[in-house]
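Here's a quick briefing for anyone opening this structure for the first time. Take a look, then read on.

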Amino acid sequence: MKTRSLLPVAALWLAVSATSAAAPAASKPVVADRSCHLPGVTDALRCMTLDVPLDHAKPAGAKLKLHVAVAPAHRQGTRSDPLFVLAGGPGQAGSEVVQMLTLAFNRVRATRDIVFIDQRGTGRSGKLDCKNKPEQEIMTEEQLDAELRACIAATKASFGAYTTDAAARDTELVRRALGYGAVNVWGGSYGTRLGQAYARLYPASVRSLVFDGVAAPDQVIPAAGRDAQAALDKMFEQCAKDAGCNKAFPKLRAEFDALAAKLEAGSIKLSLSNPRTAQPVEVTMTAERFYGTIHNILYSPADARRLPFLIHNAAQGRWQPFVARQNLLSDFGVDGSVAILLQLAVVCAEDVPRLTPELRKSDDSQVTRLLTDRFPAMCKTMNVPPVAAQAPTRIDAPALLLSGALDPITPPHRANAAAKHMPRAQHVVVANAGHGVSQLGCAPRLLREFLDKPQAKLDAACMNEIPAPTFQLGSAGPQP
């Protein structure tokens, strides 16, 4: 799932580490249970908190409180195998994606409980975050870096405790605390990495897996340049083949290249009306912000079909539409922003140690290069212990892997790499989808069918009926 952060590129996630599971304690964790309402849904849910060890190697030591929300099945008593939801990021909380109840999981919930877990360090589980400020939109990169370093220094959390492995062990404690047997697991984006870790640690606890936007075991953050460049090139190709887009923007790629060259030579000072307040404001457009916004837009094909309009207007000196779209990355009116320090804790411990010079060279792309270059310094400030990479082991649970062909971060070849270790996996590729498939077209019905009979071959031909979005050619929005 797509996430927001202070960083210019919105979605830092991926890769998997496998370890042997320690035997769980005999007693259940203590759970505080209550009725609650969460933003995004009108139904009353069951919200609970349970204490989990900060360090699972020291179960009697310090604790942290984990937040869990349960949407009870509409027909009680029909199925005993719930669906556990693992959100993306890293840094997104389960309580921030509960709106999926009415989108992806509306059919699944008819007979199954849906369990949303706020991963440690996210949402209501002790969110590790930095305070957003409106003036960040006009700060320089150096000022933003200084703000982030100050936030890291002021945080007392033990960042080394916030690993994917620890979150997987928390998930098992949730299962036991709620009294479930083997569960089904849905993971989106980084949640597919966490889901793979959980299935490897606790194979007997997993009935089936549904992974949407699948992380490959060897995928390293932020080495995402080739996939991002491929998605951008595909957008250019589609515009050139579309009669309306090609007529409106016949020199689109040249305009993009000229903007990129200009911004890489130096930032551009823009004087325009603030899209939020309509007041005059000075905005600095840098290459990093330009590329970061474009990368973020590529996650959704409908959003990507606006890119030609945004690029062309910027090339003509009309930056207002581009800046307005950029501001969505840090929309201060939206709850549930990514927990940036949790994101850095995971990526700096598990991915940056594997970001070798050879990998950086082979994966180089202008779209992600500037952010990649910033990570070593950010991780040095985090000072989190590295997590040793381990070879992925076999996952025997039936799995449904969902990929969007236009995904700029987890395209189908990433799922193919993960499937090499999942002999019972089915892979569905959706031609006109990007990052996130579960809510599209007939996917909600397919999720229910798979979960009811995970051993059976799934007929997913209906996903081919999802049309390509139309291009935006003018200020009125996309074509009809």
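Leucine 50 sits in strand 2 (residues 45–53); strands here are DSSP runs of E with at least two residues, helices are H or I runs of at least four, and both are numbered from the N terminus. This is a predicted model, where local features need pLDDT of at least 70, side-chain atom pairs count only at pLDDT 80 or more, and totals for chains, interfaces and linings use all residues. Residues are numbered from 1 along each chain as its sequence is written, and side-chain values use heavy atoms, with hydrogens and water left out.

**Around leucine 50**
- Leucine 50 counts as buried because its relative accessibility is 2%, and buried means under 20% relative accessible area (1.4 Å probe, protein chains only).
- Alanine 177 is 127 residues away from leucine 50 in sequence, yet their C-alpha atoms are 8.1 Å apart.

**The chain overall**
- You'll find 15 helices and 13 strands in the chain.
- Of its 480 residues, 57% are buried.

**Nonpolar cores**
- A nonpolar core is a set of buried Ala, Val, Leu, Ile, Met, Phe, Trp, Tyr and Cys residues joined through side-chain atoms within 4.5 Å.
- The largest one has 64 residues, and Val115, Val174, Leu209, Leu341 and Leu344 touch the most other members.
- Helix 11 (residues 340–350) is the top contributor to this core, giving 9 residues.
- A second, separate core has 38 residues, including Val41, Leu45, Trp186 and Leu400.

- Neighbours within four places in sequence aside, leucine 344 is in contact (heavy atoms within 4.5 Å) with Leu148, Ile152, Ala349, Phe375, Met378 and Met382.

Technical notes:
Buried < 20%, exposed > 50% of the residue type's maximum accessible area, 1.4 Å probe, protein only.
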